[in-house]
Amino acid sequence: MFRFALARTLRAPVVAAGRRQAVKMTVEAPLRPFSISSVLRHKHVEPPKPGEELHCTFISPDGEKTTLEVAAGDSLLDIAHEHDIDLEGACEGSLACSTCHVIVDPEYYEKMEEPGDEENDMLDLAFGLTETSRLGCQCIMSKEFDGITVTLPSATRNMSFQK
Ligand code: FES
């Protein structure tokens, strides 16, 4: 974390000796520190380290399979984007859309934790919802999901409106 302080100079007209007089006066505002955090690793997908490769397979709506070697900790959405898989992710993983909807193989769906309320709310808006639907941005690769297969729905529902 880095800390910086800003000095702010204000200039204001004042009334001096009972006469209106435009006098420039500099006021030093108290230093107010602020901090920034390092840039987050947003959407950054690292290749897996040798010996730590996990595998996931995306099946497109027309049945084309793409199997990838991936690292633990990456979301299916980020993996899809990194490898040009057609998974939209309009809100970039902030649980504000359902365009990252994937249909998870039942074998792996059973291993996942239940979706939270926010994810369920967005899944309710997903096109072609199934019993094993999840949001790809919430599916994080780990050893227990090695070999996971997800199918992309034939359409997504994007609730944003354009003029
Ligand atoms: S990208 Fe919007 S909820 Fe996953």
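This is a short tour of one protein model, stop by stop.

**Stop 1: the whole chain**

Start with everything shown. The model is predicted. Colour it by pLDDT. The mean over the protein is 83, and 69% of the residues reach 70 or more. Now select residues 1–11. Here the pLDDT is below 50. Beyond near neighbours in sequence, this stretch has 23 contacts in the model.

Switch to a cartoon view. The protein has three helices and nine strands. The order is β-β-β-β-β-β-α-β-α-α-β-β.

How many of the 163 residues count as buried? The share is 24%. Contacts across the sequence also deserve a look. Take the contacts with a separation of 6 or more: residues 24 or more positions apart account for 62% of them.

**Stop 2**

**Stop 2: strand 7**

Select residues 101–104, which make up strand 7. Strand 8 runs antiparallel to strand 7, and three bridges join the two. Show Val102 and look across to strand 8. Its bridge partner there is Arg134.

Now look toward strand 9. Strand 7 and strand 9 also run antiparallel, joined by two bridges. Val104 has Val150 as its bridge partner in strand 9.

Show the side chains of strand 7. Which residues point one way, and which the other? His101 and Ile103 share one direction. Val102 and Val104 point the other way. All four are buried.

**Stop 3: the nonpolar core**

In soluble globular proteins, nonpolar side chains tend to be buried together. Here is the largest nonpolar core of this model. It has 24 residues. Select Cys56, Leu76, Ala80, Leu87, Val102 and Val150. These touch the most other members.

Where do the core residues come from? Strand 5 (54–59), helix 1 (76–82), strand 7 and strand 9 (148–151) each supply at least two. Helix 1 gives the largest share, four residues.

Zoom in on Leu76. Leave out residues up to four places away in sequence. Leu76 then touches Cys56, Val102, Gly136, Cys139 and Val150.

**Stop 4: the loop from helix 1 to strand 7**

Select Asp84. It lies in the loop between helix 1 and strand 7. Asp84 has a positive phi of about 55°, although it is not a glycine. Is Asp84 buried or exposed? It is exposed, because 8 other C-beta atoms lie within 10 Å, and the cut-off for exposed is 12 or fewer.

Move along to Glu92, found in the loop between helix 1 and strand 7. Glu92 is not a glycine, yet its phi is positive, about 60°. With 14 other C-beta atoms within 10 Å, Glu92 is partly exposed.

**Stop 5: Lys111**

Select Lys111. Its place is in the loop between helix 2 (106–109) and helix 3. Lys111 has 11 C-beta neighbours inside 10 Å, so it counts as exposed. What does Lys111 touch, not counting residues up to four places away in sequence? The answer is Glu144 and Phe145. Draw a distance line from Lys111 to Phe145. They are 34 residues apart in sequence. From C-alpha to C-alpha, they are 7.8 Å apart in space.

**Stop 6: Glu131**

End at Glu131. Find it in the loop between helix 3 (117–123) and strand 8. Glu131 counts as exposed, because it has 8 C-beta neighbours inside 10 Å. Glu131 and Val104 are 27 residues apart in sequence. Their C-alpha atoms are 9.1 Å apart in space.

Notes:
Residues numbered from 1 in each chain as written. Predicted model: local features only at pLDDT ≥ 70, side-chain atom pairs only at ≥ 80, totals over all residues. Pairing = 2+ DSSP bridges. Buried ≥ 20, exposed ≤ 12 C-beta atoms within 10 Å, placed from the backbone. Contact = placed C-beta atoms within 7 Å. Core = buried A, V, L, I, M, F, W, Y, C linked by C-beta atoms within 7 Å. pLDDT = per-residue confidence, 0-100.
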